[in-house]
Amino acid sequence: MSSKNSECVRVVIRCRPFNERERDESRSRIVEMNVAQGQVLVTNPKADADEPSKPFTFDQVYDWTCTQDAIYNETAFPIVESVLQGYNGTIFAYGQTGTGKTHTMEGKDSPPELKGVIPRAFDHIFDAIQTTTNKQFLVRASFLEIYNEEIRDLLAKNPKNKLELKENPESGVYVKDLSSFVVKSVEEMKQVMLAGRKNRSVGGTLMNQDSSRS
């Protein structure tokens, strides 16, 4: 990936396969992914047969056959590399309930090929730190959620307390009183994530029994 692409906002689309419920109901797919051209083609199921699909073009698209490894190496890896060089980086997963955000971002620990962006980033960061001899690194971890336009610290003693978004002329936008913990290994980072995950706002939906409400 070129340095230009690494430093700008990029929009990447991932389309998941049918889930078991959708297969049982014999649903029809109305989305096609043109990976080579970065296009999503959407067909109106109520339209005439000769009506063409509507194309939408993005920086990168992935269909239902893509792997967690491909997603990380092609989209997240350059961002984490930039962070290790001192730049700010953000990976923002957005989508309707049941579209696969948690699978993409967290995945599963076993088998290893199902690990998502977050655990792969943990490994990436600490592997880089261990092999870098001419720099010193300080890694801090925070975990917050935005729920109903309210900010909550998931690592605080009382995660229901509302926090405020502030702006500093020198350091930029920040969350006042947000907890931050120094972590020295992948395992410590995982423990912070597990602690925060227990305090997330969740609720069951038709698509996902443990859907995040944030």
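This is a predicted model: local features need pLDDT of at least 70, side-chain atom pairs count only at pLDDT 80 or more; totals for chains, interfaces and linings use all residues.
1. **Helix H5.** This helix runs over residues 117-131 and has 15 residues. From first C-alpha to last, H5 reaches 21 Å. That is close to the 21 Å expected at 1.5 Å a residue.

2. **Burial along H5.** The buried residues of H5 are Val117, Pro119, Arg120, Ala121, Phe122, His124, Ile125, Phe126 and Ala128. Note that Arg120 and His124 are on that list. The cover over these buried residues includes helix H3 (68-84), helix H4 (101-105) and helix H6 (186-197). As background, an α-helix has 3.6 residues a turn, so residues three or four places apart point the same way.

3. **The largest nonpolar core.** Which residues have the most contacts inside the largest core? They are Phe126, Val183 and Met189, in a set of 24 residues. Helices H3, H5 and H6 each supply at least two residues of this core. H5 gives the largest share, with 6 residues.

4. **Val183.** Neighbours within four places in sequence are left aside here. Val183 is then in contact with Phe126, Val139, Ala141, Glu188, Met189 and Val192. Two of these partners, Phe126 and Met189, join Val183 among the residues with the most contacts inside the largest core.

5. **Val139.** This residue sits in the loop between H5 and strand E6 (140-141). Is Val139 buried or exposed? Its relative accessible area is 15%, under the 20% cut-off, so Val139 counts as buried. With neighbours within four places in sequence again left aside, Val139 is in contact with Ile125, Phe126, Ile129, Phe181, Val182, Val183 and Met189. Ile125 and Phe126, in this contact list, are also buried residues of H5. Thr67 is elsewhere: Val139 and Thr67 are 72 residues apart in sequence, and their C-alpha atoms are 28 Å apart in space.

6. **The aromatic pair.** The structure holds 1 aromatic pair. The rings of Phe92 and Tyr94 have centres 6.5 Å apart and planes at 15°, so the pair is stacked. The cut-off for stacking is under 30 degrees. Both partners are exposed: Phe92 has a relative accessible area of 68%, and Tyr94 is at 75%.

Methods
Residues are numbered from 1 along each chain as its sequence is written. Side-chain values use heavy atoms; hydrogens and water are left out. Helices (H or I, at least four residues) and strands (E, at least two) are DSSP runs, numbered from the N terminus. The expected span of a helix is 1.5 Å times one less than its number of residues. Buried means under 20% relative accessible area, exposed over 50%, partly exposed in between (1.4 Å probe, protein chains only). Contact means heavy atoms within 4.5 Å. Rings of Phe, Tyr and Trp (its six-membered ring) pair if their centres lie within 6.5 Å; planes under 30 degrees apart count as stacked, over 60 as edge-to-face and the rest as tilted. A nonpolar core is a set of buried Ala, Val, Leu, Ile, Met, Phe, Trp, Tyr and Cys residues joined through side-chain atoms within 4.5 Å.
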